[in-house]
Amino acid sequence: MGSSLVLGLGGTVDFEVHWDPRVLEELARSYAIRVGELSATAPITDERSLVVTILAFVATGAGGEFFVESSETLERFASRFTTKVTLGGTGVRAGLALDQVGVATVQHLVSIDENVRRLLPASITSVCSATEDTLDPHLIVQYPAATVVRLVDGEVVSPAPNRLIFANDPPNREMAIAADLGDALADARVFLVSGFNTMQDHDLLVRRLGELTAAMVRLPEDALVYYEDAGFYVREFAETIRAHLLPWIDVYGMNEDELQEYVQRPVDLLDPDDVVAALAEVRRLIPAPVVVVHTRYWAIGVGPSAATTRTALDSAVRMAATRYRLGDVFDRADLDVTGELPRHPGGLAVVAAVEGAVPDAAGVAAHVIDTASPTTIGLGDTFVGGFLAGVVSRSEAPA
């Protein structure tokens with residue numbers, strides 16, 4: 001068995017804006033945005049259309065990831081708010097979460113600059129395909145529940161907290177594979193694959209998948225490959241990725257937004273029958289050994305190997321909940337405190353129903369967290385980090 005955790009494929013520099021509904025109100029009024037204009041699907045071509053999209057998602061309490069035609073639009077919008085510079089990307093945020101509990105990782109990066117060098121902790125090493133420094137920031141908008149934004153003809157009220165990601169990032173669209181990735185994988189016990197969702201050139205995607213699988217040949221036979229889904233700019237590309245990578249994938253993860261994209265309908269996450277039906281649909285579409293779906297109420301794995309993931313699922317839920325209540329900084333003691341918190345009653349009911357109805361299912365309910373300042377950014381990435389922490393701890397446990 002290998003010894004390292006290799007996480008990829010692309011990291012980002014994130015501009016996290018501090019939510020201020022007054023700024024949104026001023027922008028909406030200056031652009032004369034009306035309630036009937038709000039759209040979650042229109043192209044984002046300028047600041048006005050960016051505000052329209054943000055308000056459309058705030059109105060539904062949903063999250064997602066979106067392409068913006070110009071990085072200048074993102075920088076202009078971010079300049080209106082108090083903004084924090086952080087590192088993002090599923091692999092990087094999962095690695096940052098693992099660093100909090102003393103687990104070192106190796107990152108595969110496609111871009112680098114002084115922000116990355118400054119913010120990556122010493123426990124994280126990297127292989128990188130970039131040949132020069134670049135900065136193409138991702139805008140992260142995190143909004144709370146019950147926030148109110150008044151428009152000229154009405155108001156928008158969020159039913160739940162969530163986060164939105166906006167980007168125009170050429171290195172992540174190109175997703176160049178580092179020449180020394182294969183060397184890093186030769187000693188890997190875990191390999192996390194994510195990030196292809198931002199690509200927009202199908203021929204290039206196929207080429208990158210070929211380069212990736214050529215490197216994956218170096219993986220130890222018993223290494224675990226975890227693939228985490230994301231909000232695809234071109235949803236059809238997900239099918240191409242499955243065609244190339246499903247034979248390699250041990251665990252295929254996704255959040256509630258991606259689940260609903262796959263089944264092409266809203267899913268009532270607290271209705272056991274609806275959840276059972278949705279899991280059956282996504283399982284037919286994605287026949288991986290384990291498909292993991294993580295939501296605000298529960299995390300459930302389905303598939304032939306799902307029973308072996310319960311410890312990892314519990315670790316994942318606990319770590320994501322700890323980030324939700326504490327933000328970027330936490331330790332093992334904080335995880336222990338979270339582990340003592342009550343479970344969501346509706347989540348418990350769904351997990352029990354799914355495990356009763358689906359022979360190859362295992363799940364855990366989310367914790368109930370009461371905080372006035374929740375962190376919704378990076379929860380899915382932190383979930384992945386917690387899952388991998390659970391995989392590591394299980395493999396290290398005495399027989």
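In the predicted model, Leu-139 stands opposite Phe-166 of strand β10. The two strands concerned, β7 (residues 138–143) and β10 (residues 162–167), are paired in the antiparallel sense over 5 bridges. Both belong to an open sheet of 5 strands, arranged in the order β3-β10-β7-β2-β4 with mixed pairing. The edges of this sheet are formed by β3 (64–67) and β4 (83–88); each has a single partner strand, so one side of each is left without a neighbour in the sheet. On average, neighbouring strands are turned by 25° against each other, direction ignored. In general, the strands of a sheet pair through backbone hydrogen bonds, in either a parallel or an antiparallel arrangement.

Two helices were found to lie across strands of this sheet. Helix α3 (residues 71–78) lies across β2 (12–17), β4, β7 and β10, and runs at about 45° to β7. Helix α4 (residues 90–100) lies across β2 and β4, with an angle of about 95° to β4.

Nonpolar cores were examined next. The largest comprises 56 residues, and Phe-191, Phe-196, Leu-245 and Tyr-252 have the most contacts inside it. Helix α8 (residues 202–216) gives the most to this core, contributing 6 residues. When residues up to four places away in sequence are not counted, Leu-245 touches Val-193, Phe-196, Leu-209, Leu-212, Thr-213, Met-216 and Tyr-227. Another core, of 40 residues, lies apart from the largest one; among its members are Ala-56, Ile-124, Val-141 and Tyr-143. In soluble globular proteins, nonpolar side chains tend to be buried together.

Helix α10 (residues 256–263) was considered separately. Of its 8 residues, 6 are buried, so the helix is largely enclosed by the rest of the structure. The buried positions are Glu-256, Asp-257, Glu-258, Leu-259, Tyr-262 and Val-263. At its start, a side-chain oxygen of Asn-255 reaches to within 3.0 Å of the backbone nitrogen of Asp-257, a residue that is itself buried. Just after the helix, Gln-264 adopts a positive phi of about 60°.

Methods:
Residues are numbered from 1 along each chain as its sequence is written. This is a predicted model: local features need pLDDT of at least 70, side-chain atom pairs count only at pLDDT 80 or more; totals for chains, interfaces and linings use all residues. Side-chain values use heavy atoms; hydrogens and water are left out. Buried means under 20% relative accessible area, exposed over 50%, partly exposed in between (1.4 Å probe, protein chains only). Helices (H or I, at least four residues) and strands (E, at least two) are DSSP runs, numbered from the N terminus. A polar contact is a pair of N or O atoms within 3.5 Å; within protein, one must be able to donate a hydrogen and the other to accept it, and residues adjacent in sequence count only if both atoms are side-chain atoms. Two strands pair if DSSP finds at least two bridges between them. Axes are lines fitted to C-alpha atoms, for helices over the stretch in contact, and angles run from 0 to 180 degrees between N-to-C directions. Contact means heavy atoms within 4.5 Å. A nonpolar core is a set of buried Ala, Val, Leu, Ile, Met, Phe, Trp, Tyr and Cys residues joined through side-chain atoms within 4.5 Å.
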